[in-house]
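Let's take a quick tour of some strands and helices. Have the model open while you read, and look up each residue as it comes along.

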Amino acid sequence: MPTPDSLRLYGVELDSRLLLGTARYPSPAILTEAVKASGAQLVTVSLRREAAGERAGQGFWSLIRDLGVRVLPNTAACHSVKEAVTTAHMAREVFGTPWVKLEVIGEDDTLQPDVFALVEAARILAREGFEVFPYTTEDLICAERLLEAGCRVLMPWGSPIGSGRGLNNLFGLKALRARFPEVPMLIDAGIGVPSHAAQSLELGFDAVLINTAVSQAVDPVRMAGAFARAVAAGREAYLAGPMEPRDMAVPSTPVIGTAFLG
Amino acid sequence: MNIQVNGEWRQIGAQDLAGALEEIGLGGTVVATAVNGEFVPASSRAAARLAEGDRLEVLSPMQGG
């Protein structure tokens with residue numbers, strides 16, 4: 001019988017290693033079905049201006065609560081330490097969780113994190129009791145600073161948000177994984193297809209956060225299921241210990257005892 | 001007085017943040033508030049006095065990635 005293999009994030013155990021974003025689905029009903037099909041137990045949410053009298057946010061929040069999943073509020077679209085810290089405070093009150101996916105965007109074309117501001121904001125929030133999930137790059141020194149600042153989880157990007165390009169810097173991500181083997185790491189951003197997710201898990205990353213690849217698929221519910229199976233397969237493969245690639249062929253059929261038929 | 005609510009100027013009669021939320025139809029909803037860029041917790045809204053030209057942000061749960 002396989003041993004339980006749960007994902008532990010800030011003391012919370014999750015069975016699913018697939019985190020799902022809730023943005024850009026064709027409809028609330030499809031979002032609901034996609035979350036169910038993905039098996040995700042943690043979904044990302046955000047805060048936006050509520051149009052007076054519209055109450056769209058209230059409906060969304062009730063939909064999420066009915067799903068019975070944990071939420072990870074983000075600070076998307078924040079460009080400064082102050083904006084991100086204030087947004088985190090507001091999210092903590094609304095969503096009732098100390099968890100925050102900390103994003104401080106440094107550049108609009110790539111949505112690359114401003115890692116200097118990220119570290120500063122992470123330090124402030126960790127000191128205030130937040131449990132910070134920093135959206136970062138694969139930079140080793142930045143990772144070290146984030147851990148020093150109090151982060152206990154890292155969320156390196158695979159490639160730019162919404163780009164679907166997969167793991168853009170394989171060498172850098174492998175180096176990051178190897179440098180901090182004990183730190184839970186989630187690949188956040190850039191995953192386009194289930195094989196990218198499987199690859200992330202095979203490399204030893206602890207989970208993936210997917211949004212656009214599911215919500216913008218022709219059939220998001222079906223794609224959510226495909227991602228769930230890819231993540232499970234990738235994790236199993238990691239635990240099973242993948243073989244080392246080689247440059248030259250090695251016969252898989254034993255050579256000894258080969259008949260001489262020439 | 002004139003208050004900017006989520007980027008739009010509005011005439012508000014209420015003198016405090018809790019009253020202003022009621023006035024714009026968001027009383028009793030799950031929202032987070034900030035005045036002039038500073039977070040105002042729900043428990044402090046009744047005591048938070050508003051002044052002419054204040055910038056009020058009212059944020060609500062939304063889809064996010």
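This is a predicted model: local features need pLDDT of at least 70, side-chain atom pairs count only at pLDDT 80 or more; totals for chains, interfaces and linings use all residues.

Two strands count as a pair if DSSP finds at least two bridges between them.

**A hairpin in chain B**
- Strand β1 (residues 2-5) of chain B pairs with strand β2 (residues 8-11) of chain B over four bridges, in the antiparallel sense.
- Within this pair, B:V5 sits opposite B:E8 of β2(B).
- Together β1(B) and β2(B) make a hairpin, with two residues between them.
- In the turn you'll find B:N6, which has a positive phi of about 50 degrees.

**A parallel pair in chain A**
- Strand β6 (residues 99-102) of chain A runs parallel to strand β9 (residues 131-136) of chain A, and four bridges join them.
- Across from A:W99 you'll see A:E131 in β9(A).
- In a regular strand, side chains alternate between the two faces of the sheet.
- On β6(A), A:W99 and A:K101 point one way, while A:V100 and A:L102 point the other way.
- Are these four β6(A) residues buried or exposed? They're all buried.

**Two helices packed together in chain A**
- Helix α1 (residues 28-38) of chain A packs against helix α2 (residues 56-67) of chain A at an angle of about 25 degrees, and their axes are 11 Å apart.
- Because angles under 35 degrees count as roughly parallel, α1(A) is roughly parallel to α2(A).
- The contact is made by A:P28, A:L31, A:T32, A:V35 and A:K36 from α1(A), plus A:F60, A:L63 and A:L67 from α2(A).
- Sorted by class, this contact of α1(A) with α2(A) has six nonpolar residues, one polar and one charged.
- As for handedness, α1(A) and α2(A) have a right-handed crossing.

Terms used. Residues are numbered from 1 along each chain as its sequence is written. Chains are lettered from A and ligands numbered from 1 in the order in which they are written. Side-chain values use heavy atoms; hydrogens and water are left out. Buried means under 20% relative accessible area, exposed over 50%, partly exposed in between (1.4 Å probe, protein chains only). Axes are lines fitted to C-alpha atoms, for helices over the stretch in contact, and angles run from 0 to 180 degrees between N-to-C directions. Angles under 35 degrees count as roughly parallel, over 145 as roughly antiparallel, 65 to 115 as roughly perpendicular and the rest as oblique. A crossing is left-handed if the near helix is turned anticlockwise from the far one by less than a right angle, and right-handed if clockwise. Contact means heavy atoms within 4.5 Å. Ala, Val, Leu, Ile, Met, Phe, Trp, Tyr, Cys and Pro count as nonpolar, Asp, Glu, Lys and Arg as charged, and the others, Gly among them, as polar.
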